Amino acid sequence: MNRTTLSLIAGAAALAAVTGFAALDAPGAAGTDPAGAAARLPVERTTLVCPAPSGSDIAETSYTSFTPVTQGAAGDGKGRLQAAAEESGTDDGKSDSKSDSKDDDGDGGKSDSKGSGKSDGKNGGKKKAAEAALQPKAPGTPATGDTDGADAPALIGTAEGKFAPGWTVQQTSEVAAGAGRGLLGVNCTAPDTEFWFPGASTAASRADYVHLTNPDDSAAVVDIELYGKDGAVKSEVGEGITVAPRSSEPVLLSTLADAAQDDLTVHVSVRSGRVGAAVQALDNKLGGDWLAASADPAGSVVLPGIPKDATDVRLIAFTPADADTDLKVKLASPSGLITPAGHETVHLKGGTTTAVDLGDVTRGEAGSLVLTQSAQSVPVVAALQVIRGKSGKQETAFIPAAGPLAARATAADNSAEGATLSLTAPTATAQVKVTASAGSEGGTAVSKTYTIKAGTTQDIAPPVPAGLKGTYALTVERISGGPVYGARALTATEEGVPGVTVQTLPDDRGTVSVPHTDEDVSVLQKP
């Protein structure tokens, strides 16, 4: 995805404005640039958006904000999450950027994120909240907030200075009953201009919504395209959707198609502006969860962190290319790469969505799915629908294709129990360091180093901070070796239903590559 939320330090920004050389390179290049070629510097501004968490009156939602300690980061800064304006039809949407609370240095404590109510999308917007819903604490310490009910709004957040590099916000909801009941989790996302969501559905049992959140002071114009088993779904309803400034718009997918389809790929593209996007998938029988965007279309795909007790796994894949392809399917198990019996390959037709039931593919062990191509390579996106439980007590989670954890990634909102960290190194052995932060209400950070052998997946019971009080964050850093992919699963059982939600761990892009120069950039002027 085109990360448009990260900005360079002032000198680098000036250099970029003049030369265009400043680049948002993959963080995995850290320390590998030729001498004198480039330096890596912490970003100074990050924007994240969180979708409206639930339409259920009995939903209980928590937020956890965390920034890892980053060498070379600014000494000061500020950050805040606040309620977005209501859905389209609100006021001018201009944010009150001066309405900072007394804790604007980010050292505030737990917050109540209840803000202005969420519009039902059928009438005009209501007033928006200007008060901060959540502010980060000092880097290395999580900050938490909570809300409940169906009126919780989408949130828009900006972190600057010391709070920006690697800023992560986790949104987790528990819904005890009704459609989509269970544990629903999502990482608040950076706004972008294109998203792919294989794994959506307009089946009779499902109610899937694409949540579009615009963090900026000007309107965004968005197109939503659907692709099923026979190709593109003809619809003009999804064209030219306007998302008002600093607002959020949920779009029910079934309103974009004439006929129900079990498996769809959703393509969100932005004509003007930028948005954050996520799909909320709610099932009458199988519970619900958030479907995050797949990694950018690529020739090989890794889907990490299938829960070892998953009772059913369904692969949904799509290629936007005109050409067909055959995907080789491998499971990265604790002992190495294996081929699932009966599922050696999956054939994809160009421009169509293909779904394959893999059943109990992990057979009680840790696992990640690795998809490759042998001859002609075409771009592919993919996701897994994972089900836990049996006999009518089942819950759903989604695992989209993930990008590599090139340097560092963080999963927030972990407790002493119920969290599993899954790491896979599909091509070469890698070494990683896992740091459990201080707790949100107390505790001391601890770190541990792990070796992930080539072709394997390792499920890790995460280290727990000494004297933990509250929740904590897990930060994974790749120390050496090949590419690493990761995911964190949260589990909780409610009235016999085994709730689960999985978030992948793409790189946090906390640093950017800036070319070395002997020139004094402070005197450079724009042409």
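**Ground rules.** I am working with a predicted model, where local features need pLDDT of at least 70, side-chain atom pairs count only at pLDDT 80 or more, and totals for chains, interfaces and linings use all residues. Residues are numbered from 1 along each chain as its sequence is written, and side-chain values use heavy atoms, with hydrogens and water left out.

**Disulfide.** I looked for cysteine sulfur atoms within 2.5 Å of each other, which is what counts as a disulfide here. That rule gives one disulfide. Cys 50 is joined to Cys 188, S to S 2.0 Å. I noted 110 degrees about the S-S bond, a right-handed link. Cys 50 sits in strand β2 (residues 45-50) and Cys 188 in the loop between β10 (182-187) and β11 (194-200), so the pair ties together parts 138 residues apart in sequence. Are the two cysteines buried or exposed? Both Cys 50 and Cys 188 are buried, meaning under 20% relative accessible area with a 1.4 Å probe, protein chains only.

**Aromatic rings.** Next I checked ring pairs of Phe, Tyr and Trp (its six-membered ring), with centres within 6.5 Å; planes under 30 degrees apart are stacked, over 60 edge-to-face, the rest tilted. I found three aromatic pairs. Phe 195 and Phe 197 are stacked, 6.2 Å centre to centre with 15 degrees between the planes. Phe 195 is buried at 1% relative accessibility, and Phe 197 is buried at 0%. Tyr 227 and Phe 318 make a tilted pair, 4.8 Å centre to centre and 40 degrees between the planes. This pair links distant parts of the chain: Tyr 227 is in strand β13 (residues 220-228) and Phe 318 in strand β21 (residues 312-318), 91 residues apart. Both count as buried, Tyr 227 at 15% and Phe 318 at 0%. Ring pairs also join Trp 196, Tyr 227 and Phe 318 into a cluster.

**Strand β21.** I stayed with β21, where six of the seven residues are buried. Two strands pair if DSSP finds at least two bridges between them. β21 pairs antiparallel with strand β27 (residues 381-390) over seven bridges, and Ala 317 stands opposite Ala 382 there. With strand β25 (residues 353-359), β21 has six bridges, also antiparallel. Arg 314 faces Asp 357 in that pairing, standing opposite it.

**Cores.** I then looked for nonpolar cores, sets of buried Ala, Val, Leu, Ile, Met, Phe, Trp, Tyr and Cys residues joined through side-chain atoms within 4.5 Å. The largest has 30 residues, and those with the most contacts inside it include Leu 303, Leu 315 and Leu 384. Among the residues that Leu 384 touches are Ile 306, Val 313, Leu 369 and Phe 398, not counting residues up to four places away in sequence; contact means heavy atoms within 4.5 Å. Another core, of 28 residues, lies apart from it and includes Val 233 and Leu 264.

**Open sheet.** Last, I traced four strands in an open antiparallel sheet, ordered β29-β36-β31-β33. β29 (408-414) and β33 (446-452) are the edges, each with a single partner strand, so one side of each lacks a neighbour in the sheet. β31 (residues 430-436) pairs antiparallel with β33 over seven bridges, and Gln 431 stands opposite Thr 451.

Methods
Helices (H or I, at least four residues) and strands (E, at least two) are DSSP runs, numbered from the N terminus. Buried means under 20% relative accessible area, exposed over 50%, partly exposed in between (1.4 Å probe, protein chains only).
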